[in-house]
Amino acid sequence: MSAASGTAGSVSLLGRLRQRYPLRSVLLGLAAPVGAVLFALLASSVILSLGGHNPSTVFHTMLKQAGRPTSFVDMVNQSMVYYLSAVAVSIGFRMNLFNIGVEGQYSLAALGAAYVGGQLTGGGPFHVVAEVLVAVLVGAAWAGIAGVLKVTRGVSEVISTIMLNAIAVGLGSYLLHKLGQSSGNNIQTKPIGASGQVAGLSYSGTQAKIFGFLFVAIAVGVAYWFIAGRTRFGFRIKATGLNEQAAVASGINVKRMTLVAMLMSGGVAGLVGLPELLGQTHTFSQTAQSGLGFAGIAIALLGRNSPVGMALAAVLWSFLGKSANQLDFIGVPREIAAIMQGVILLSVVIAYELVRRYRLVLQQKDVAAQLAATPAAPAGQAVTA
Amino acid sequence: MSTATAVTARPDAKRPRGARLSPAVLILFALGAFLVLSAVRAVTGGNDLTSSGTVAAGLSAAVPIGLAGLGGLWSERAGVVNIGLEGMMILGTWGCAYVGWDHGAWAGLVFGTLLGAAGGLVHAVATVSFGVDHIISGVAVNIIAPGLTLYLTKVTFAHYPGGGQKQSPPIGDAGSVTLPFSGWLRGIENHHWFAVSDLAGLLGGLVTRLSLVTVLAAVVVAASAWLLWRTAFGLRLRSCGEAPHAAESLGVNVYKYKYIAVVTSGAMAGLGGAALAISAHQFRDGQTGGRGFIGLAALIFGNWRPGSLAAGAGLFGYTDAIQLRSSSAVHPLLLLMAIALVLVAIWQWRTGQRAIAAVAVVIAVLAVLWYSETDRVPDELVGTTPYVVTILVLALASQRLRMPKADGRVYRRGEET
């Protein structure tokens, strides 16, 4: 009895896997991202050739650069920042909310965290906790404006977050002048003391450190996977995103869910600026990295809101961005990487759509074949009846 | 019979509140706004508020914003949201410089428009043919365009005389006109009389060294309004943005009209970018500075209609210009904002929206407090005016806004959603 069930279990494990992930479906799922990357390679090769550069030299230089320890650490650091941004965006995506405002949310949050972190002294681990808390609250509050406008006045969050991004730029530079101190010709907040910094991880072959925030990024990814896929709350978010009317009918308070999703998205967005702030710069200035919010949108789309998919996409994105830095030395403008990123994004969404249509056709064929295989008599009765 | 009369009677019953304002009311509104503006100018002594220099600078700042907004109008009236306006504008600035630096500004204008249209074509292929989400495609265009133009700048302009890694060689002027009585207007303006000098400043700004590109922009706005609202072509195009399935059932080729609209949209944004490059006399990286997004804001502020869109672009261009000319002149704008908010509050109170009226009054009080407690508005915050105004309009007056009904929805022939 026990032996029989044991063999049945081992057989069905493979069988179950195959049933859950049929080969055809897996291949189709891979076709879109792989096809998009290939298309981007082709398109950038054409552009490079037109500019008088040799594409294979360019790609070779990029690959070689990525293998160097310093740029590897750089890539890992950039990937975790991108990943946090992508998770923030994808929380909204799950509910059909388009949080374009991650950009403004993280920059204000980083400024707030840097200011509070600079004011506090000592406090041991609570110093870092306070900084993270401030960042999350500021990010959530800034996103919350869009959320409140959406639920009370029906204002599209796309428009309001675009506007809030632009306001955040002005507000941020005003607050920086107000709260910061000048050092050289740059204005920055008071540097964060040792207890408010997050130590990095060493990597052999380079002085550069991998940000300690790596663990936070991983934890956020795991929490996202668990909440989105394994809890009632995550199910409600997904249900609302898929069909709002059905969600209302099943007793979900859509307005509250919208506001909560927006706040959560903003809260995670607040973390985006922290790895660099707490791990490297220890102060917020105008040279802080910008554009991470828009990268997050692209990565969330590329990774299809899946915790693992977005991690892979973040690595790809930072690989393209970081490895291109070397290109200036061989006389090729590094902006070719930005072109490749944009082309990948556009072609991947087109490829997903084409695959979706192809899947529909296949399904229809399957159903037609099944119908043809069943005895014709009942069908005939149904028609006459 | 009775149902027919009921159906025809309903729109008439709704007219007084939801309908468009008549021209006479609009003129009264404009006159009122003008008098308030000159009163604020006279009381606060902020003479730059209505000086001809400010008006002229505001007008030239409004042109790129207005053209971007017009691009948004074309595309969204056909049901395609175009967030990629910023990217198409960037293509326009680069294209204008690429041809304009040695063939003159007008040739550059044409090529910039063409490049913008090419950006629009990419957006159209993705959204119309492949049914990609409109926002996603727009974001992609906004990622590709700055990268592509900077790449091309390094490949081309960097090797040209007067060019650089991030900028083009200088572009020539497009020419301008000055009407004969502008000197006389300037004389009146310098007296700083209430209303009279303000009017002279306003007119003087419009007729002194008026760029021909500005004239072209005005013609394009008027032509677009006529095409979209006074021709069968326009009716069909707008029907694709309101009810594409119904339009298709009446024999309108929805795909074709959406393609025309989105490509035109890109062309308008490209023209706006080219106008920007000409007024700056060169292409620079990051030159557009979010003007595509301000154009989008002007479109919403203008309730998806050409006239009010132009007014919104004018307002945003004006705040932009006033900040550049003298940041102290922005301070009185706080009072203007408070007055506008009180008007909104009264209107909302009368329509029964008490909570919104209360919020408007609170913001108005804060604006007055801010005005009385400070001497000037910080420079960094002045630039955010268009965005703050748009959010306030959306938050406090959004029941008057109506976007095209099928705006942003992916349309596929034969698939009712």
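1. Start with the crossing of two helices from separate chains: H13(A) passes H6(B) in a left-handed crossing. The model is a predicted one, and every point below should be read with that in mind.

2. The geometry of this pair is as follows.

3. Which residues meet where H13(A) and H6(B) pack? From H13(A) they are A:Phe294, A:Ile297, A:Ala298 and A:Leu301. From H6(B) they are B:Ile136, B:Val139 and B:Ile143. By class, this contact has seven nonpolar residues, with no polar and no charged ones.

4. The chain contact as a whole involves 35 residues of chain A and 34 residues of chain B. On the chain A side, at least two residues each come from helix H6 (125-153), helix H7 (157-179), H13 and helix H15 (336-373). H7(A) gives the most to that side, with 12 residues. The side of chain A that touches chain B divides into 24 nonpolar, eight polar and three charged residues.

5. Within chain B, the domain assignment gives domain 1 as 45-325 and domain 2 as 328-402. The centres of these two domains of chain B, taken over C-alpha atoms, are separated by 27 Å. Their contact takes 13 residues from domain 1 of chain B and 16 residues from domain 2 of chain B.

6. What supplies the side of domain 1 of chain B that touches domain 2 of chain B? Helix H13 (291-301) and helix H14 (306-325) of chain B each supply at least two residues. The largest share, five residues, comes from H14(B). By class, this side of domain 1 of chain B has seven nonpolar, four polar and two charged residues.

7. A last item is a hairpin in chain A. Strand S3 (residues 201-203) and strand S4 (residues 206-210) of chain A run antiparallel and are joined by two bridges. A:Tyr203 has A:Thr206 in S4(A) as its bridge partner. There are two residues between the strands of this hairpin, and A:Gly205 takes a positive phi near 95 degrees.

Note on methods. Residues numbered from 1 in each chain as written. Chains lettered and ligands numbered in written order. Predicted model: local features only at pLDDT ≥ 70, side-chain atom pairs only at ≥ 80, totals over all residues. Domains from an automatic or database assignment. Contact = placed C-beta atoms within 7 Å. Helix = DSSP H or I, 4+ residues; strand = E, 2+ residues; numbered from the N terminus. Nonpolar A, V, L, I, M, F, W, Y, C, P; charged D, E, K, R; others polar. Left-handed = near helix turned anticlockwise from the far one by under 90°. Pairing = 2+ DSSP bridges.
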